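Trainee: I am new to this structure and would like to learn how to read its features step by step. Could we look at it together, beginning with the ligand and going on to the place where the chains meet?

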Amino acid sequence: MGEVIVITSGKGGVGKTTATANLGIGLALLGKKVVLIDTDIGLRNLDVIVGLENRIVYDLVDVVEGNCRMKQALIRDKRYESLYLLPAAQTKDKTAVSPDQMQRLCKELAQDFDFVLIDCPAGIEQGFRNAIAGADSAIVVTTPEVAAVRDADRIIGLLEAEGKSRPRLIVNRIRPQMVKAGDMMAADDVKDILGVELLGVVPEDEYIVIATNRGEPVVATPTSAAGRAFRDIVRRMAGEDVPIMPLDADDGGFFGKLRRMFNAKEG
Amino acid sequence: MFALLPKLFRREKTRSRDIAMERLRLALVHDRVNVSPQTMEGLRQDMIYAISNYMDVDAQEVAVKLTPTGAAQVALVASIPVNRMKKDALRD
Ligand SMILES: Nc1ncnc2c1ncn2[C@@H]1O[C@H](COP(=O)(O)OP(=O)(O)OP(=O)(O)O)[C@@H](O)[C@H]1O
Ligand SMILES: [Mg+2]
């Protein structure tokens with residue numbers, strides 16, 4: 001039996017889909033058999049982030065409604081042997097699927113896969129209910145901002161009420177320089193306030209923009225700081241004991257800038 | 001030399017990181033317990049009623065509020081000015 005994990009946040013736009021794509025590919029690169037489920041019905045996104053948007057024939061709602069078999073709807077990623085995607089329906093709405101149906105679907109997938117990762121839509125309505133219904137555990141993504149952390153706290157409360165206790169936290173879009181200057185909350189600050197386990201810290205990274213354009217998530221990019229962070233996270237998910245490295249907050253003055261310029265050119 | 005200037009000025013202001021933490025702590029106290037002002041008022045009235053059996057309190061001045069005490073904890077803090085003890089309460 002594989003693990004079914006929902007990636008959720010409360011506030012929108014904090015990096016759930018980015019995280020789902022990177023964790024999925026990262027786990028696949030470790031040799032795990034992974035399926036990604038996009039539950040953002042009506043606003044599908046994950047297919048574009050992983051670069052599989054042109055291969056969609058059937059979707060989540062088709063499977064649930066019995067219009068096709070599960071095997072027909074799963075898209076296999078040709079770049080990463082053991083990665084599959086179950087896309088969201090684009091023309092339906094969130095009520096097209098029920099929490100019961102999601103529970104059955106996740107159980108079925110957990111038979112065949114090591115990891116079932118569910119990309120949750122923003123908000124706390126039906127889409128959220130569906131996304132968490134079949135999950136064994138949750139990863140909560142937040143940015144280090146007051147509004148995002150506040151919503152994350154709300155989500156953690158709701159998850160615990162649904163019996164998904166001990167969610168793990170990813171703090172995304174950290175800017176080490178700003179943290180050092182005292183102008184951004186550190187990942188540990190956020191962790192302390194929320195009182196949950198910290199799974200990883202992902203820095204703000206321009207590579208993510210490039211990766212999104214290309215449809216090739218940063219986890220496979222050696223020179224990307226966010227990519228490195230995601231690689232560490234997947235190893236933790238796979239059971240390895242990988243310490244959370246403090247992000248490099250040293251701007252190194254003039255020489256540091258020079259060094260970074262050279263590094264960027266090399267990369 | 002110039003790098004030192006911002007550091008000197010910064011001392012005066014509270015860092016925005018700390019302000020964010022403080023604002024969050026307060027916001028979360030209320031989100032977490034999810035109590036309405038009406039509920040808090042009901043609690044205040046009930047406390048005055050219960051305590052009145054033992055002491056004579058200044059009902060107008062009784063204040064009841066929730067405050068953060070730790071990462072995931074809140075405390076109910078009440079300030080209850082006492083005018084005098086009730087005779088019955090003093091007997092034993
Ligand atoms: N670490 C990062 N560095 C830079 N940009 C990032 C980072 N993480 C996410 N982004 C950008 O932030 C935007 C929102 O990310 P994403 O779509 O993953 O969020 P989401 O939580 O899935 O949003 P929604 O709630 O709408 O589903 C995207 O443009 C993404 O490229
Ligand atoms: Mg998304």
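Mentor: Let us begin with a term: a polar contact is a pair of N or O atoms within 3.5 Å. Please keep in mind that this is a predicted model. With that cut-off in hand, we can turn to A:Thr18, which has a polar side-chain atom 2.5 Å from an oxygen atom of ligand 1, and to A:Thr17, where a polar side-chain atom lies 2.7 Å from an oxygen atom of the ligand.

Trainee: Which atom of A:Pro203 lies 3.0 Å from a nitrogen atom of ligand 1?

Mentor: In A:Pro203 the atom in question is a backbone N or O atom. As for cover, the protein hides 78% of the 640 Å² of accessible area that ligand 1 has on its own.

Trainee: Which residues around ligand 1 come nearest?

Mentor: There are 17 residues around ligand 1, and those that come nearest are A:Gly13, A:Lys16, A:Thr17, A:Thr18 and A:Asn172. By class, the shell holds seven polar, five nonpolar and five charged residues. Helix 1 of chain A gives the largest share of that shell, with three residues, while the elements of chain A that each supply at least two residues include strand 7 (168–174) and strand 8 (197–203).

Trainee: How should I read the interface between chain B and chain A?

Mentor: The size of an interface is often given as the accessible area lost when the parts come together. Here the area buried between chain B and chain A is about 1400 Å², and carbon and sulfur atoms give 56% of it. Of the area that chain B buries against chain A, 39% is supplied by B:Arg17, B:Met21 and B:Leu24, more than by any other three residues. Counted by contact, 13 residues of chain B meet 15 residues of chain A.

Trainee: How many salt bridges does the rule find across the interface of chain B and chain A?

Mentor: The rule finds three salt bridges there, and B:Asp31 and A:Arg150 are joined by a salt bridge between their side chains, at 2.5 Å from N to O. On the side of chain B that touches chain A, helix 2 (residues 16–33) of chain B gives the most, with ten residues. By class, that side has six nonpolar, six charged and one polar residue.

How values were computed:
Residues numbered from 1 in each chain as written. Chains lettered and ligands numbered in written order. Predicted model: local features only at pLDDT ≥ 70, side-chain atom pairs only at ≥ 80, totals over all residues. Heavy atoms only, no water. Contact = heavy atoms within 4.5 Å. Buried area = accessible area lost by both parts, 1.4 Å probe. Salt bridge = Lys/Arg side-chain N within 4 Å of Asp/Glu carboxyl O. Helix = DSSP H or I, 4+ residues; strand = E, 2+ residues; numbered from the N terminus. Nonpolar A, V, L, I, M, F, W, Y, C, P; charged D, E, K, R; others polar. Near = heavy atom within 4 Å. Polar contact = N/O pair within 3.5 Å; in protein donor to acceptor, adjacent residues only side chain to side chain. Areas by Shrake-Rupley, 256 points an atom, 1.4 Å probe, with all protein chains shown as cover.
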